[in-house]
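Thanks for coming, everyone. I have one structure to walk through today. Have a look at it first.

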Amino acid sequence: MEEAHYYLSGVSEKGEIVSISGTTAEIRKFIERDRERESVPELSRYLFGLFTEFGIPASLMGYRYLESAVNLVLTEPEYLQRKVTSELYPKIAEEFNTSPNCVERAIRHAITVAWDRGNSKKLYEFFGHSISSKTGKVTNSDFIAGIVEKVKIEHIV
């Protein structure tokens with residue numbers, strides 16, 4: 001016995017016209033994926049776009065640690081006032097069950113990957129004033145602070 005094939009069309013919550021077709025199981029799977037996509041917080045989607053634009057792959061642990069750092073600093077800006085090593089990295093390490101040194105190193109690696117393989121033009125536009133003359137890139141703290149300020153300016157939170 002062949003399963004029925006359906007065609008549905010309607011208007012999404014965002015006012016977009018949506019049309020899907022398929023079997024009942026296919027339509028359920030589509031709706032479930034759409035719900036999962038909508039459940040991703042706006043800040044996470046924004047950071048994904050920004051980090052990807054800079055050249056930081058989501059597969060790096062430093063990506064996850066940077067995302068956590070931005071969230072924490074947005075909640076408690078004091079983390080950036082000389083408390084990065086003593087409080088921010090340990091807090092992230094606790095969240096991910098690792099060491100503060102590992103967090104610092106992974107964030108530095110993610111930034112290095114962006115500088116070595118990413119969109120250097122975008123990075124220089126974004127962080128030009130903070131780039132170290134010794135290393136040719138920004139510090140972890142400056143990177144996190146720059147992202148936090150961008151998020152605030154864009155009114156993501």
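Let's start with charges: which side chain does Lys-150 meet in a salt bridge? The partner is Glu-154, at 3.2 Å from N to O. Keep in mind that this is a predicted model. Lys-150 is partly exposed, at 25% relative accessibility. Glu-154 is partly exposed too, at 38%.

The search of the whole structure gives 4 salt bridges. Another of them joins Glu-53 and Lys-122, whose closest N and O atoms are 3.2 Å apart. Glu-53 sits in helix α2 and Lys-122 in helix α6, so this bridge ties together parts 69 residues apart in sequence. Glu-53 has a relative accessible area of 34%, so we call it partly exposed. Lys-122 comes out at 29%, also partly exposed.

Now a local one. Glu-104 and Arg-108 form a salt bridge at 2.8 Å, N to O. Both lie in helix α5, 4 residues apart, which is about one turn of the helix. Glu-104 is partly exposed at 23%, and Arg-108 is partly exposed at 38%.

Step back to the overall layout. The protein has 7 helices and 2 strands. Along the sequence the pattern reads β-β-α-α-α-α-α-α-α. There are 157 residues, and 32% of them are buried. Take the contacts between residues at least 6 apart in sequence: 48% of those join residues at least 24 apart. The accessible surface is about 10,200 Å², with 50% of it belonging to carbon and sulfur atoms.

Next, the inside. In soluble globular proteins, nonpolar side chains tend to be buried together. Here the largest nonpolar core holds 39 residues. Which of them touch the most other members? They are Ile-56, Leu-88, Phe-127, Phe-143 and Ile-147. Helices α2, α3, α4, α5, α6 and α7 each give two or more residues to this core. Look at Ile-56 up close. Beyond its neighbours within four places in sequence, Ile-56 contacts Phe-51, Tyr-63, Leu-66, Ala-110, Ala-114 and Phe-143.

On to the rings. How many aromatic pairs does the structure hold? There are 10. In one, Phe-54 and Phe-126 have ring centres 5.2 Å apart and planes at 65°, so the pair is edge-to-face. Phe-54 is in helix α2 and Phe-126 in helix α6, so the pair ties together parts 72 residues apart in sequence. Phe-54 also pairs with Phe-143, again edge-to-face, with 6.1 Å between centres and 70° between planes. That pair links helix α2 to helix α7, across 89 residues. Is Phe-54 buried or exposed? Buried, because its relative accessible area is 1% and the cut-off is under 20%. Phe-143 is buried as well. Ring pairs join Phe-51, Phe-54, Tyr-63, Trp-115, Tyr-124, Phe-126, Phe-127 and Phe-143 into a cluster.

Two last spots. Most residues other than glycine have a negative phi. Asn-97 is not a glycine, yet its phi is positive, about 55°. Asn-97 sits in the loop between α4 and α5. At 75% relative accessibility, Asn-97 is exposed.

Finally, Pro-90, in helix α4, residues 84–96. Pro-90 is partly exposed, at 26%. Setting aside neighbours within four places in sequence, Pro-90 contacts Val-84, Thr-85 and Pro-100. Its C-alpha is 8.5 Å from that of Asn-101, 11 residues away along the chain.

That's my tour. Over to you.

Notes:
Residues are numbered from 1 along each chain as its sequence is written. This is a predicted model: local features need pLDDT of at least 70, side-chain atom pairs count only at pLDDT 80 or more; totals for chains, interfaces and linings use all residues. Side-chain values use heavy atoms; hydrogens and water are left out. Buried means under 20% relative accessible area, exposed over 50%, partly exposed in between (1.4 Å probe, protein chains only). Contact means heavy atoms within 4.5 Å. A nonpolar core is a set of buried Ala, Val, Leu, Ile, Met, Phe, Trp, Tyr and Cys residues joined through side-chain atoms within 4.5 Å. Rings of Phe, Tyr and Trp (its six-membered ring) pair if their centres lie within 6.5 Å; planes under 30 degrees apart count as stacked, over 60 as edge-to-face and the rest as tilted. Accessible areas come from the Shrake-Rupley method with a 1.4 Å probe; for residues, only the protein chains shown count as cover.
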